[in-house]
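Good morning, and thank you for coming.

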Amino acid sequence: MLLAGTLADLDRLSGLFGPSAYLRWNGGVFHSIAGAAALALVVSLAIRAYAKRRGVLLSGALWWLAPVCAAVLHAGMDALLSSGAELFWPFTSARVALDWAPSFDPWILVILGAGIFLPELFRLVSDEIGAKSKKPRGQAGAIVALALIAGYFVLRGTMHLNAALMIMQRSYAGESARRGAAFPDSISPFVWHAIVETESALHLVQVPTGPMANFDPESAVHLHKPEPSAILDAAQKTDAARQFLASARFPKATVQKETEGFSVELRDLKYEALGQTSRAVEAEINLNAAGQLTFARLEWQGQPHKN
């Protein structure tokens, strides 16, 4: 179960082959329901064959059912993240990204740690007084921990819904919201980092949802969209831009006049809202004065640009 439930994250290694491979494979096939189940089944068959050679016969359904459930649960939980997962591949490559939970959540680790160590502490106390439990060791702690985690996700989902509704009901710099998203804070389920798109700008704003919270849309940072132009249109038609835009949640273009033409940078504001500095991808495109492509590539955000 541990191996099958974590093996899907091998697709993170796609980043070693560059931003293009990372956008294509991370959270892709291995994180779909079908892909995760198939991967877990292969792992289960390999372990069963190994056990058989060692003289251990694995009978019944648990030898394959439990690992498959673990792998599918992994894919489902990743759908709660802002990065999302292609849950329904091969029928569609669309990502399911509910934006409920951060990629690293210390509260889940606290709950899991308590589910492991507190029952052990109680067992030591029971052993001291001579009491013996007939239940399987760790069963009660596991049940309580899983129930608490499920309740915690329900809380995050409720707070996310509140934040999403709140940002769409307000105006920003005198303009109504067209679309928006609330991304989770890595510590508090009562704080969300939102992006709102209006007709002329993209707005980054923090949204509190806790008791007595006061949301102030005037505190938003306004990033104006570039004016439509032939240069921007030409840049967005490049292969690098198309691959980037296919996965970007809130793309922001920056067009600059250079000595020998124009440079166009495309970045996803989702990374800025999440405060993500690693594995953030951007597109860098250069065109000459006539609007002809001279350079286009996907890059890791923050690395020096190469012409």
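Let me open with a question: is H31 buried or exposed? H31 is buried, because its relative accessible area is 2%. Buried here means under 20% relative accessible area, exposed means over 50%, and partly exposed lies in between, with a 1.4 Å probe and protein chains only.

Before going further, a word on the source. This is a predicted model, in which local features need pLDDT of at least 70, side-chain atom pairs count only at pLDDT 80 or more, and totals for chains, interfaces and linings use all residues. Residues are numbered from 1 along each chain as its sequence is written, and side-chain values use heavy atoms, with hydrogens and water left out.

I return to H31. The residue sits in the loop between α2 (19–25) and α3. Helices, H or I runs of at least four residues, and strands, E runs of at least two, are taken from DSSP and numbered from the N terminus. Which side chains make polar contacts with the side chain of H31? One is D9, at 3.2 Å, and another is H74, at 3.4 Å. A polar contact is a pair of N or O atoms within 3.5 Å; within protein, one must be able to donate a hydrogen and the other to accept it, and residues adjacent in sequence count only if both atoms are side-chain atoms. Setting aside neighbours within four places in sequence, H31 is in contact with A8, D9, D11, H74, A75, D78, A85, E86 and L87, where contact means heavy atoms within 4.5 Å. By comparison, the C-alpha atom of H31 is separated by 32 Å from that of A177, 146 residues apart along the chain.

G5 belongs to helix α1 (residues 2–6) and counts as buried, at 13% relative accessibility. Beyond its neighbours within four places in sequence, G5 is in contact with A70, A71 and H74.

I now turn to a pair of helices. Two packed helices are described by the angle between their axes and the distance between the axes. At what angle do helix α3 and helix α4 pack? Helix α3 (residues 33–53) and helix α4 (residues 62–78) pack at about 145°, with axes 8 Å apart. The axes are lines fitted to C-alpha atoms, for helices over the stretch in contact, and angles run from 0 to 180 degrees between N-to-C directions. On the α3 side, the residues that meet α4 are I33, A36, A37, A40, L41, S44, L45 and R48; on the α4 side they are W63, W64, P67, V68, A71, V72 and A75. By class, this contact has 13 nonpolar, one polar and one charged residues. Ala, Val, Leu, Ile, Met, Phe, Trp, Tyr, Cys and Pro count as nonpolar, Asp, Glu, Lys and Arg as charged, and the others, Gly among them, as polar.

Next, some backbone details. The peptide bond from W89 to P90 is cis, with omega near 10°, and P90 lies in the loop between α4 and α5 (106–129). D99 is likewise in the loop between α4 and α5. D99 has a positive phi of about 65° although it is not a glycine, and it is buried, with a relative accessible area of 4%. M212, in the loop between β5 (201–208) and β6 (221–224), also has a positive phi, near 60°. M212 counts as exposed, at 82% relative accessibility.

Another exposed residue is I143, at 55% relative accessibility, in helix α6 (residues 139–168). I143 and G115 are 28 residues apart in sequence and 8.4 Å apart in space, C-alpha to C-alpha.

Finally, the chain as a whole. The protein chain has nine helices and 10 strands, and its C-alpha trace spans about 80 × 55 × 35 Å along the principal axes. Buried residues make up 40% of its 307 residues.
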